[in-house]
Every structure is written in structure tokens, then in C-alpha cells.
Amino acid sequence: MQGRIAIGELVLAAFFVALGLLWVWTAARMPLWQGFAPQSGFMPLWYGITLIGLTAAVVVNLFIGKEPTKEEPIGKPLLVLAAFAAGIAGLEPMGFGPAMFLMLLFMFVFIERLSIIPSLLVSVTTTAVLFLIFRTWLKVTLPIGPLGF
Amino acid sequence: MGPLADLMQGFMTAATPMNLLMCFAGVLLGQIIGVLPGIGPSAAIALLLPLTYGASPTGAIIMFAGLYYGAQYGGTLTSVLINVPGESSSVMTSIDGYKMATQGRGGVALGIAAIGSFIAGTFGTVGLMLLAPPLAKVALAFGPPEYCMLVLLGLTALAAVGGSVLKGLAAGVAGLLLGTIGIDPQIGVPRFYFGQSWLLDGVDFIILTVALFGIGEVLASCYTSKADPILNVGRVVPNREEWGHAWKAILRGTGIGFIIGVLPAAGATIASFVSYIVEKKIAKDPSRFGRGAIEGVAGPEASNNAASAGAMVPMFALGVPGSGTTAVMLGALIMFGLRPGPEMFTTNSALVWAVIASMYIGNFLLLIMNLPLAGLFARLLQIRYSWIYPPILAICVTGVISHANNVEDAWVMLGFGVVGWLMKRYDWPAAPMVLGLVLGPLFENTLRQSLTLSHGSGMIFLSRPIAAILLLIALLAVLVPPALEMIRQRRALA
């Protein structure tokens with residue numbers, strides 16, 4: 001798919017501009033200068049202004065650019081992102097083990113359409129290896145659910 | 001002690017069983033990461049950081065350095081066997097390397113790449129050994145204005161390496177901006193934490209790195225299908241005639257690569273490109289290039305490996321990284337409580353020399369692994385990406401929550417992962433953003449100290465010669481690439 005300007009890139013630019021505006025707005029309410037010395041708000045204010053300026057220049061370049069932007073389909077990345085978000089959301093209520101296992105299995109079987117048996121094996125092995133390394137070996141406190149892992 | 005005595009001491013540290021194991025693990029992992037799509041050396045180092053908490057900083061940095069140059073070679077395998085460069089620095093290798101593979105000479109291409117990389121890596125390490133200590137000695141005289149301009153140079157140089165300088169600069173400033181979240185380093189008051197106590201410690205560099213390089217990369221490439229590699233690599237040792245063509249290209253590539261690697265606004269990609277052009281220009285029959293010329297593989301491969309060693313010079317001597325991966329390594333050094341920069345050679349001399357010594361060992365390991373095992377590594381290319389990326393995501397989330405035992409960090413990672421995906425999709429470089437976050441506090445501290453010293457006058461950066469020179473180089477790093485691009489476009493139109 002080809003378009004003059006990629007919507008996704010405008011979304012990214014809008015994010016950077018919003019970040020810059022938030023910093024300018026917040027920094028302007030902080031002390032900027034006292035005597036000879038810059039204070040807490042000085043650098044963040046300039047970072048915000050510079051980020052807005054640079055992002056605006058990038059956007060202007062996009063509009064005057066001659067080459068149309070190629071857009072890859074976004075359906076699959078969004079599905080992967082949703083599964084990943086669900087996996088993170090499940091960490092505390094379900095525990096690390098079940099949340100990661102189900103996330104992996106969903107990605108293999110439903111997103112990638114891979115065979116169920118190898119998918120089950122890889123999901124179990126990956127989760128077990130991560131649990132052994134981080135929980136057993138490195139003694140990291142991972143979220144524990146009703147099943148105890 | 002002179003450099004040789006320091007190096008001997010470094011060899012003694014690097015040759016302990018644990019450090020040798022770390023070096024081997026680094027080059028092996030680097031090679032595998034270079035071959036597999038979807039995860040680069042920057043994300044791999046960030047993901048391995050939680051595993052190295054208990055290890056000594058020396059062992060960890062030895063492993064990361066091994067991973068860095070191991071990945072360079074891993075990228076060569078994909079260039080030669082499937083015509084897909086694993087790293088941008090292997091783009092030039094794929095031109096003649098893939099042609100050689102289709103002619104049944106893939107093994108020779110991989111063999112000469114391994115030999116060239118070994119020679120270049122070894123000479124590059126000698127260069128690093130000779131150049132970094134005197135450079136660090138000069139930099140010891142730096143005050144806040146010089147340090148401030150040095151950080152500015154590092155940021156602008158890294159921004160200039162990518163395709164668009166403007167996008168690189170914007171990413172760098174976004175990193176600086178994120179670096180202000182938490183406690184003001186000078187006055188100690190909290191700022192930009194928006195009432196969330198878990199933001200008082202700021203955005204962790206591991207979270208941002210894993211998000212941008214790990215999650216972003218996976219989302220950007222999760223529709224990659226299975227590659228069709230050329231598995232029959234044949235013999236790997238070049239014959240007399242091939243060696244006759246290649247050895248001079250290796251030596252030239254080594255020199256070109258090291259010099260370009262040391263320069264702040266360049267890197268392994270530019271080094272391999274320049275080496276290829278030079279080889280083609282001086283060849284008796286330039287028409288052989290693009291049709292399987294062995295010099296087209298030997299020169300760029302030597303060049304990108306020498307550039308990796310060269311990029312370590314500014315990282316160790318000045319605390320300014322020459323590439324995205326060294327930017328992440330810099331963050332790792334800071335995380336281990338070390339201060340990269342000129343003092344490294346005096347305060348952490350044992351670590352620096354052990355890492356330099358380990359690079360000789362690592363290059364040798366890569367050579368002995370790659371000549372007999374090229375065919376075996378080639379088989380890794382058959383693994384479908386569908387099997388690879390879900391475990392990468394699971395490793396990312398585990399690594400991040402294990403860092404501070406905090407699930408909120410996983411949500412921050414997810415958010416920046418989306419930003420990383422969009423950045424990757426639209427060619428916004430991510431490395432300047434990570435570097436901005438890592439060097440942000442140092443930049444802010446030194447700039448505020450400089451302005452306090454000068455009673456608020458920015459002239460302090462122009463009145464001190466070294467600061468002024470660094471500022472000039474930073475400006476050139478930003479202005480020269482677009483100027484050259486404009487000249488190129490005008491010539492193309494004329």
C-alpha cells in the first residue's frame with residue numbers, strides 16, 4: 001500500500017509533539033533561573049521546545065518529500081501487541097507461569113497457526129526455562145498466582 | 001605501566017575460566033543473534049543485563065563485547081546465504097557474497113569473511129590499545145564545559161549516523177527529555193513524576209532499550225516469513241588464487257574500518273561501504289564486482305569488524321559511543337556503577353584491559369568456530385520467525401519485571417515498545433533516544449555547572465578551545481551529511 005504521507009508516522013510525530021508540550025507546560029511552572037544558575041525547569045523547558053521544533057521540521061519534510069511512503073499492513077502487529085498486553089495484564093491475577101504460557105500458546109496457535117503439539121511443547125519449555133533462571137537461579141520475585149507459580 | 005604490560009595484565013584477568021566462559025558465551029550468542037531475525041545486539045545486551053547482576057562487571061562487559069563483534073559475523077551468514085543482511089554493516093557483503101553462494105562458493109565467502117574479520121579484529125584491537133589511553137589522558141583535563149560539549153558531540157554524531165539527521169536529533173532530544181523524569185540531579189527536588197511514586201527513580205535505561213530494540217523490532221518484523229537459505233556451503237578455506245585476490249583487500253579494509261570506526265559521526269556501515277567502493281575503484285577489472293568478487297566480501301567484512309574495535313576507542317577513552325550497541329554498553333557500564341570516560345583507564349584499568357585482551361581471545365574463538373561450523377550455523381537460518389518472536393517477547397517481559405520486581409515497568413515497556421515499532425517502521429533511529437536517556441543527567445549537570453561558572457553566559461563554550469572544537473565537530477556532524485546529500489541530489493538532477 002502506498003500513500004503520500006504515512007498516518008502512523010504522523011501519529012509518532014504527534015506523540016513527540018505532545019511529549020514536548022507537556023514538558024514545556026510543566027517546566028514553565030518550575031523555577032527556571034536563580035541568580036547566575038539555571039534551575040530545575042531550565043533544561044526540561046529547552047528540551048521540550050527543541051523536541052517540538054525538530055518534530056515539526058520532520059513533519060514539514062514529510063509533506064515536501066517527493067517519494068510516497070510505503071505502508072506495511074498493521075493487522076498482525078496489532079494482534080501480537082494485544083496478546084502481549086493481555087499477557088502482562090494476566091501477570092498479577094494469574095501468576096507469571098500461567099500468564100506467559102497462555103500468551104505464548106495464543107501467539108503460536110492462534111496468530112501463527114502453528115501445530116498444537118509443538119506449540120504446547122515450546123510454550124511449556126520457554127516458560128519453565130524462564131521460571132528456573134529467574135525464580136530459582138537468580139532468586140527474582142516473579143508474580144505468583146493461585147497455582148503457586 | 002606501558003600498554004604491553006597493561007595488556008599482559010588484561011590477558012591474565014581475561015584468561016580466568018569464568019571470563020573465558022563469558023567470552024565464549026558472548027561470541028556464540030552474538031553469532032546466533034546475528035543470524036536470527038528480530039533481535040539485534042543492542043536488545044540482546046539489554047536482555048542479558050538482568051542475568052549478569054550477580055556476575056562481576058568485568059565478566060559481563062567481556063560477554064557484551066563478545067556479543068557485539070560476534071553479531072557482526074552472524075550478520076554475514078544471512079548476507080551470504082539468504083541475501084538478507086542481519087546488520088546494516090553487512091549490506092555490502094551481500095552484493096558479492098550472495099552471488100558467490102549461488103555459484104557454490106558460499107563456504108569460501110564465509111571463510112574469507114571469518115579470516116578477514118579475525119585479522120581486522122586483531123589489528124583493530126591493537127589500534128584500540130594504542131590509541132585509547134593517550135586520548136583518555138588528554139580528556140582527563142576536561143572540565144564541565146568540555147564534558148558538556150563531548151556529550152553533545154556523542155548525541156549529534158549518533159543522530160547523524162542514521163538516514164535522517166532531523167529524526168535522529170529528535171530521538172536524541174526525546175531521550176534527554178525522558179532523562180529529566182525523577183529527581184533533579186543538582187537540587188534534589190522531584191520533577192516530571194506526575195504523582196506516580198514509581199517514576200521517582202526515572203525511566204530505566206533497560207526498559208527503554210528492551211522496548212525500543214526488542215519489542216519494537218518484533219512488532220516491526222513479525223510478518224517475516226521463512227527464509228530459503230543456501231545450505232550447501234561447500235569448502236570454507238579459500239584457495240591460492242582467491243587468497244591472492246583477498247589479502248590486500250583485508251588489509252585495506254582493516255585500515256579504513258578502524259579509522260572510520262574511531263570517528264564519532266561514522267560507524268561500521270559507512271566503513272563497509274567505503275571499503276567496497278575503494279576495492280571496486282582500484283580493481284583491475286571492476287566488472288567482476290556484483291558477480292561474486294571475493295574482494296567485495298573480504299574488504300567490507302574486514303572493514304566492519306575493524307570499525308567495531310574502533311568504535312570502542314571513543315567509548316572507553318571519552319565515554320562517547322560510536323554506535324548504537326556501544327551506546328547500550330555504555331548504559332551497562334553506568335548500571336554497574338562505573339563512569340565511562342577518561343577516568344576508566346585509571347580507576348578501572350583492570351576491567352578495560354581485560355576487555356581489550358578478551359577481544360583478541362574472542363576474535364580467535366570466532367575464527368576457530370566459524371571455519372568448521374559455517375554449515376551448522378547456516379542451518380539456524382531454517383528456523384521460522386514464527387517460532388522465535390513469542391519467546392523473545394516472554395524474555396523481554398521477564399527481564400524487565402525482574403529488574404525492579406515491578407509490573408508497572410512492563411506497562412512502560414509496552415508503551416515504549418509501540419513507540420519503538422513506529423520508529424522502526426518509519427526509520428526514526430532508536431539509539432540516540434537511549435543515549436539521550438543515559439547521558440541526559442551528565443549533560444544537564446555539566447551544562448548547568450558551566451553556565452553557573454560563566455555567570456549565565458553561553459560564551460564559555462566558545463572561549464575554551466577544546467569545548468569550542470568539540471562544538472564545531474558536533475555542528476559539522478549535523479550539517480555535513482544533509483549538505484552532501486543535497487550536492488548528490490543536484491548532481492543527479494544535472
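Asp427(B) sits in the loop that joins helix H17 (407–425) to helix H18 (431–453) of chain B. In this predicted model, the phi of Asp427(B) is near 60°, a positive value in a residue other than glycine. Most residues other than glycine have a negative phi.

With 9 other C-beta atoms within 10 Å, Arg113(A) counts as exposed.

Within helix H5 of chain A one finds Leu102(A), which is partly exposed because 17 other C-beta atoms lie within 10 Å. Between Leu102(A) and Val11(A) there are 91 residues in sequence and 31 Å in space, taken from C-alpha to C-alpha. The domain assignment divides chain A into domain 1 (2–70) and domain 2 (75–137), and the C-alpha centres of these two domains of chain A are 37 Å apart.

Turning to the packing of helices, helix H1 (residues 7–27) and helix H2 (residues 42–64) of chain A meet at an angle of about 155°, and their axes are 8 Å apart. Because angles over 145 degrees count as roughly antiparallel, H1(A) and H2(A) are assigned to that class, and their crossing is left-handed. On the H1(A) side the contact includes Phe16(A), Gly20(A) and Trp23(A), while the residues of H2(A) that take part include Tyr47(A), Gly48(A) and Thr55(A). By class, this contact of H1(A) with H2(A) is made up of 17 nonpolar, three polar and one charged residues.

What does chain A bring to its contact with chain B? In total, 53 residues of chain A are in contact with 48 residues of chain B. On the side of chain A that touches chain B, the elements that give two or more residues are H1, strand S3 (37–38), H2, helix H3 (75–89), helix H4 (91–94), helix H5 (96–111) and helix H6 (116–137) of chain A. H2(A) gives the most to this side, with 11 residues, and H2(A) is also the helix that packs against H1(A). Sorted by class, the side of chain A that touches chain B holds 38 nonpolar, 10 polar and five charged residues.

Note on methods
Residues numbered from 1 in each chain as written. Chains lettered and ligands numbered in written order. Predicted model: local features only at pLDDT ≥ 70, side-chain atom pairs only at ≥ 80, totals over all residues. Axes fitted to C-alpha atoms, helices over the stretch in contact; angles between N-to-C directions. Helix = DSSP H or I, 4+ residues; strand = E, 2+ residues; numbered from the N terminus. Parallel < 35°, antiparallel > 145°, perpendicular 65-115°, else oblique. Left-handed = near helix turned anticlockwise from the far one by under 90°. Contact = placed C-beta atoms within 7 Å. Nonpolar A, V, L, I, M, F, W, Y, C, P; charged D, E, K, R; others polar. Domains from an automatic or database assignment. Buried ≥ 20, exposed ≤ 12 C-beta atoms within 10 Å, placed from the backbone.
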